[in-house]
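Good morning, and thank you for coming. Please look at the structure on the screen while I take you through a few of its features.

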Amino acid sequence: MSFEIQSPHTPEVLNSDVSWFVTGITGFVGSHLFSHLASLPGEIYVGMRRPEEMPVSGRAVATPLDLLTQSNLVIPAGVGTVIHLAGEKRDVSRMWAINCEGTRRLLEASARAGVRRFIYASSSSVYGVKG
C-alpha cells in the first residue's frame, strides 16, 4: 500500500480531483471544508453514520459509514481523494475501535478502491477529555 503525502493546503490537492469522499463534515473543520469542496466541480461523497442528518447540498451524496461496526467499508468508484476528519472524542470505550481500527479499515478500503490521496486530520481531543 502506497500513498502520496501532501499538505491539504497545497492548491493542486484541492483542485485536482473530480471526486471526493469526506468524513466528519458535521464538525467545525469538516463543515468549513465541506463548504469549500461544494464550490469545486465534481462529486462529493459524504460518509456518515446517520445519512439522514446530511446538511442540504445539491451535489453531495450521503453514504452510510459506521466506523465502529462496519467491517466491509466501500469507497465509491472513481474517488480520487479521501479526507477523513471523523472520530470519537466523548465515549472513551469507543475511541480505539473508531479512531484507530475504523481509520485503518477506511484506509484499507481506500487502497482497494484505488484512491490516490488519503488526508487524515485529528485533534488531541480524541485522547479523551479529562475532567
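Let me begin with a term: a residue is called buried when its relative accessible area is under 20%. The model before you is a predicted one.

Consider Ser 110, which is found in helix 3. Is Ser 110 buried or exposed? Its relative accessible area is 0%, and because the limit is 20%, Ser 110 counts as buried. What does its side chain reach? The side chain of Ser 110 comes to 2.8 Å from the backbone oxygen of Leu 106. Beyond its neighbours within four places in sequence, Ser 110 is in contact with Ile 75, Val 82, Val 115 and Phe 118.

In soluble globular proteins, nonpolar side chains tend to be buried together. The largest nonpolar core here has 14 residues, and Val 22, Leu 37, Ile 44 and Val 46 touch the most other members. Strand 1, helix 2 and strand 2 are the elements that each give two or more residues to this core. Apart from it lies another core, of 13 residues, including Val 82 and Val 115. Those two residues are also contacts of Ser 110.

Finally, the largest pocket. Its volume is about 940 Å³, and 33 residues line it. Which of them lie nearest its centre? They are Gly 24, Thr 26, Leu 85, Ala 86 and Gly 87. Helix 3 provides the largest share of the lining, with 4 residues. By type, the lining divides into 13 nonpolar, 12 polar and 8 charged residues.

Thank you for your attention.

Conventions:
Residues are numbered from 1 along each chain as its sequence is written. This is a predicted model: local features need pLDDT of at least 70, side-chain atom pairs count only at pLDDT 80 or more; totals for chains, interfaces and linings use all residues. Side-chain values use heavy atoms; hydrogens and water are left out. On a 1 Å grid over the protein atoms alone, a cavity is a set of points where a 1.4 Å probe fits but cannot get out, and a pocket is an open set with protein on both sides within 12 Å along at least five of seven lines; lining residues have an atom within 4 Å of a point. Grid points are joined across faces, edges and corners, and a volume is the space filled by probe spheres set on the points. Ala, Val, Leu, Ile, Met, Phe, Trp, Tyr, Cys and Pro count as nonpolar, Asp, Glu, Lys and Arg as charged, and the others, Gly among them, as polar. Buried means under 20% relative accessible area, exposed over 50%, partly exposed in between (1.4 Å probe, protein chains only). A polar contact is a pair of N or O atoms within 3.5 Å; within protein, one must be able to donate a hydrogen and the other to accept it, and residues adjacent in sequence count only if both atoms are side-chain atoms. Contact means heavy atoms within 4.5 Å. A nonpolar core is a set of buried Ala, Val, Leu, Ile, Met, Phe, Trp, Tyr and Cys residues joined through side-chain atoms within 4.5 Å.
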